[in-house]
Amino acid sequence: MKRKFIALLLTLFSLTAILAGCGGSAPKAPEKKAPAPLKELKVTYVKAPLNIPSIVDKNNQTLVKGFEKDGTKVSFPEITSGAKQTEALAAGSLDIASCLGGTSAILAAANGADVKIVGIYSRAPKAFNIMVKDPAIKTAADLKGKRVAGPKGTILHQILAAALVKEKLTLKDVEFRSVGIPPAVNALLSGEADAALVAGAEVLRAQRAGARILANGDGLVNATIVIGVSGKFLKEHPETVKKFMALHQESIDFMKKNPDKAFEFTAKETGLSVEDVKLMAPWYDFSTAITAKDMKDLEETQDFLIANDMQKKKIEIKSMIAEVK
């Protein structure tokens, strides 16, 4: 038995020596293969209220040409509803929500959707307005007991709430009817509503029909629109998201360097005059970096949603941020 034990020890010693001579390491685990290039990248196309970078991209085919080199076809589903965009992200039928309201992103995350914010699309407090016709309505305080029409659970709705709070009122102090922006303008112009929540080109339509701006987001709400993806897609295709952000920046740079051409594209796409586009363009900040002010605005958006019973569970806004650089 003793001889057998010594022989076993010698065998083990020999094997150790052999392994040491070969580098002394166990076989390496096989390297993970890089994910195959996407066959198709699905990015929302939303042109309203005045999304100049998206319109520039469509005309210059920046995303299409940029991803063509990777063998990836880019498609542009026109999903304008924020809720439907986040549903599509969760279902995998949409990869990048290029222009998603902060309200929609937060609500989706609070309801358990794995939505990540990878950048800011725009900030446009002056583009989102409360409009009236009655000369007796001079401030938001005069809206008490009045009929207000507009889209519920949106930046516009948040601006209305903030304007009322400033006058020590709440949304309960007005008779609110939830409708889309064009119907809200129609209701105001026909006398069926005393005030309307209006954005983009509809502001000009209302003004030309005799309405005026009572208040907007300036000083109240920063009107933050974000770029969103699902956490799953970001984890599986980080380089795709990074490339999208770089190509999106190319469209922003084109707009800055060639404003006349960008305004021409936008006028043609929206049916506005070039003069109207020039008038509204300064309302928008399209820089994509997520700032401390953006974070504060998103936190305040969550507070608004919770205070008005549209969101039940508070979430950590920072957990949604996955800025791609």
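**View 1. Aromatic ring pairs in the predicted model.** In this predicted model, the count of aromatic pairs comes to 3. One of them joins Tyr121 and Phe286 in an edge-to-face arrangement, with 5.8 Å centre to centre and 85° between the planes. This pair links distant parts of the chain, 165 residues apart: Tyr121 belongs to strand S4, and Phe286 to the loop between helix H12 (274-280) and helix H13 (292-307). Tyr121 has a relative accessible area of 0% and is therefore buried. Phe286 is also buried, at 4%. Ring pairs link Tyr121, Tyr284 and Phe286 into a cluster.

**View 2. The ring pair of Phe254 and Phe265.** The planes of these two rings, Phe254 and Phe265, stand at 10° with the centres 6.2 Å apart, so the pair is stacked. Because Phe254 lies in helix H10 (residues 238-257) and Phe265 in helix H11 (residues 259-270), the pair ties together parts that are 11 residues apart in sequence. Phe254 is partly exposed, with a relative accessible area of 22%, while Phe265 counts as buried at 12%.

**View 3. The open sheet of S3, S10 and S4.** The 3 strands form an open sheet in the order S3-S10-S4, with antiparallel pairing. Strand S3 (96-101) and strand S4 (115-123) each have a single partner strand and stand at the edges, so one side of each has no neighbour in the sheet. On average, neighbouring strands of this sheet are turned by 30° against each other, direction ignored. Between S3 and strand S10 (residues 224-230), which run antiparallel, there are 4 bridges. Ala97 has Gly228 as its bridge partner in S10. Helix H5 (residues 102-110) lies across S3, S4 and S10 and runs at about 105° to S3.

**View 4. Helix H6.** The 12 residues of helix H6 (residues 155-166) should span 16 Å at 1.5 Å a residue, and the end C-alpha atoms are 16 Å apart, which agrees. Of these 12 residues, 9 are buried, so H6 is largely enclosed by the rest of the structure. Among the buried residues of H6 are Ile155, His157, Gln158 and Leu164. Lys168, which follows H6, has a positive phi near 60°.

**View 5. The surroundings of Ser75.** Ser75 is part of strand S2 (residues 73-75). With a relative accessible area of 17%, Ser75 is buried. Its side chain makes a polar contact (2.7 Å) with the side chain of Glu40. Leaving aside neighbours within four places in sequence, Ser75 is in contact with Glu40, Leu41, Lys42 and Val43.

Key. Residues are numbered from 1 along each chain as its sequence is written. This is a predicted model: local features need pLDDT of at least 70, side-chain atom pairs count only at pLDDT 80 or more; totals for chains, interfaces and linings use all residues. Side-chain values use heavy atoms; hydrogens and water are left out. Helices (H or I, at least four residues) and strands (E, at least two) are DSSP runs, numbered from the N terminus. Buried means under 20% relative accessible area, exposed over 50%, partly exposed in between (1.4 Å probe, protein chains only). A polar contact is a pair of N or O atoms within 3.5 Å; within protein, one must be able to donate a hydrogen and the other to accept it, and residues adjacent in sequence count only if both atoms are side-chain atoms. Contact means heavy atoms within 4.5 Å. Two strands pair if DSSP finds at least two bridges between them. Axes are lines fitted to C-alpha atoms, for helices over the stretch in contact, and angles run from 0 to 180 degrees between N-to-C directions. The expected span of a helix is 1.5 Å times one less than its number of residues. Rings of Phe, Tyr and Trp (its six-membered ring) pair if their centres lie within 6.5 Å; planes under 30 degrees apart count as stacked, over 60 as edge-to-face and the rest as tilted.
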